[in-house]
Amino acid sequence: MKNFDYHNPTRLVFGKDTIKDIGKFVSEYGDKKVLLLYGKGSIFKNGVYDEVVQSLDKYGIDYVEMSGVQPNPVLSKVRETVDFMKKENVDAIVAVGGGSVLDTSKIAAASFYYDGDPWDFYEKKVFPEKALPIYGVLTISATGSEMNSGGVITNEEEKKKWGWGSKYTYPRLSIVDPSIQKTLPVNQTVNGAVDTLTHVFEEYFDGTKDTLMADEFAEGIIRTTMETVKVLIKDPNDYEARANLAWAATLALNGLNGLGRRGDWASHGIEHSISAYYDIAHAEGLAMVMPAWMKFVYKEDVDKFARFGEKIFGITGEDKEEVALKAIEAYKSFLKEIGAPVALSERNIGEDKIDVMAKNALLRGPLGGLKKLEEEDVYKILMLAR
Ligand code: NZQ
Ligand code: ZN
């Protein structure tokens, strides 16, 4: 187990009927005028927009709006948002949506105080010294962005889908009301579960030794996620399953799951290259890549993959390698069962760009913690994922 120093400054307000208090929270912190940032319109259909603006009005918070943040959010929208925020001179951002809206709010919050291009932060040409406060109202549990500092943006001109974050870009406060997620299409609920599981795996399968507490914690999230997503596929209105899945998603990437470990994150790096070129959801790419990555690297830590098989799927046996391989197959079967795509071909992704995507994945250096991956390794993993 590795040393750590953990501080997560986000205040998390969780549960039913909590969105109506957003205006109260903003006013408690003294912010008077906010940017209301959201996506392509789901918040109009499920009443979340009305709830948020009624609450802002009730507490006398002035607001201006920016809509249209797309899934896999893009740099051009960030630039538009920052220009608008500067013109309107807002005090804070109220980000209403999923990872895409929250991620956009983070880079926008830092860029508010910077005269150059927001992408400079991603290229590490500049580092933020402050950022506007962010208030999150989460509408889909998946990324953990409601309680972490990260923001993943696609520079669509340069085909770079990169993550970035700083200690200033944690939301000040996030509201998670699981009940509003009942309007999610089934595939988006599944995406949330797959992203959650993959966040756990990225830390769990990293090769760090003697991580018993962290392993038990991770396995709790894995079991909860696998169980609740199946319930929700049958009954999207099951509040307890929604609440437990939502909490699992937050816990998977608010830093806790990674404590004492080094992390791997190669599958995320590879996925980001796929969705830089193809219009697929982040979690769809993860469902395709993760089992292929597992097959490629499991020999680096057979014991851990065997433990995964035993603790999650109840697979036992003398031969650990056999248990490990069965576990990988069991995970792939689970993905199929919940309707996630497990091969690139399921989203019409052929072999033609595999070499380009492998090169793209390595733009910021080798990937991986369990096994360091070079371009040819990523190429092989993508070929396995066909
Ligand atoms: O745009 P609207 O109309 O709001 O529709 C959204 C969108 O189409 C819809 N939706 C959201 N809440 C809904 C709803 N539809 C009905 N009812 C609701 N309650 O769902 C769609 C997906 O939304 P999006 O925000 O894109 O999903 P997600 O939260 O999965 O975010 C994905 C993005 O986050 C990045 C991904 O790469 C991707 O760009 N990630 C961010 C991370 C972070 N900040 O830490 C880590 C992750 O690994 C990930 O890379
Ligand atoms: Zn993810």
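Q: How many Å separate an oxygen atom of ligand 1 from an N or O atom in the side chain of Ser42?

A: A polar contact is a pair of N or O atoms within 3.5 Å. In this predicted model, the side chain of Ser42 places such an atom 2.7 Å from an oxygen atom of ligand 1.

Q: Which backbone N or O atom lies 3.1 Å from an oxygen atom of ligand 1?

A: That atom belongs to Gly41. Asn148 uses a polar side-chain atom instead, 3.0 Å from an oxygen atom of ligand 1.

Q: What percentage of ligand 1 does the protein bury?

A: One starts from the area that the ligand exposes when taken alone, here 970 Å². The protein buries 88% of this area.

Q: Which elements give two or more residues to the shell around ligand 1?

A: They are helix H5 (99-111), strand S6 (150-155), helix H7 (186-204) and helix H10 (266-277). Domain 1 (11-179) and domain 2 (184-384) each supply at least three residues of the shell.

Q: How many residues surround ligand 1, and of which classes are they?

A: There are 31 residues around ligand 1, and the closest are Ser42, Gly99, Ser100, Asp103 and His199. The shell has 19 polar, 8 nonpolar and 4 charged residues.

Q: Which residues line the second largest pocket?

A: A pocket is described by its lining and its volume. Among the lining residues of the second largest pocket are Pro9, Leu132, Tyr168 and Arg172. Its lining has 8 nonpolar, no polar and 2 charged residues, and the space within this pocket is about 160 Å³.

Methods
Residues numbered from 1 in each chain as written. Chains lettered and ligands numbered in written order. Predicted model: local features only at pLDDT ≥ 70, side-chain atom pairs only at ≥ 80, totals over all residues. Heavy atoms only, no water. 1 Å grid on protein atoms, 1.4 Å probe; cavity = no way out; pocket = protein on both sides within 12 Å on 5 of 7 lines; lining within 4 Å. Points joined across faces, edges and corners; volume = space filled by probe spheres on them. Nonpolar A, V, L, I, M, F, W, Y, C, P; charged D, E, K, R; others polar. Near = heavy atom within 4 Å. Polar contact = N/O pair within 3.5 Å; in protein donor to acceptor, adjacent residues only side chain to side chain. Areas by Shrake-Rupley, 256 points an atom, 1.4 Å probe, with all protein chains shown as cover. Helix = DSSP H or I, 4+ residues; strand = E, 2+ residues; numbered from the N terminus. Domains from an automatic or database assignment.
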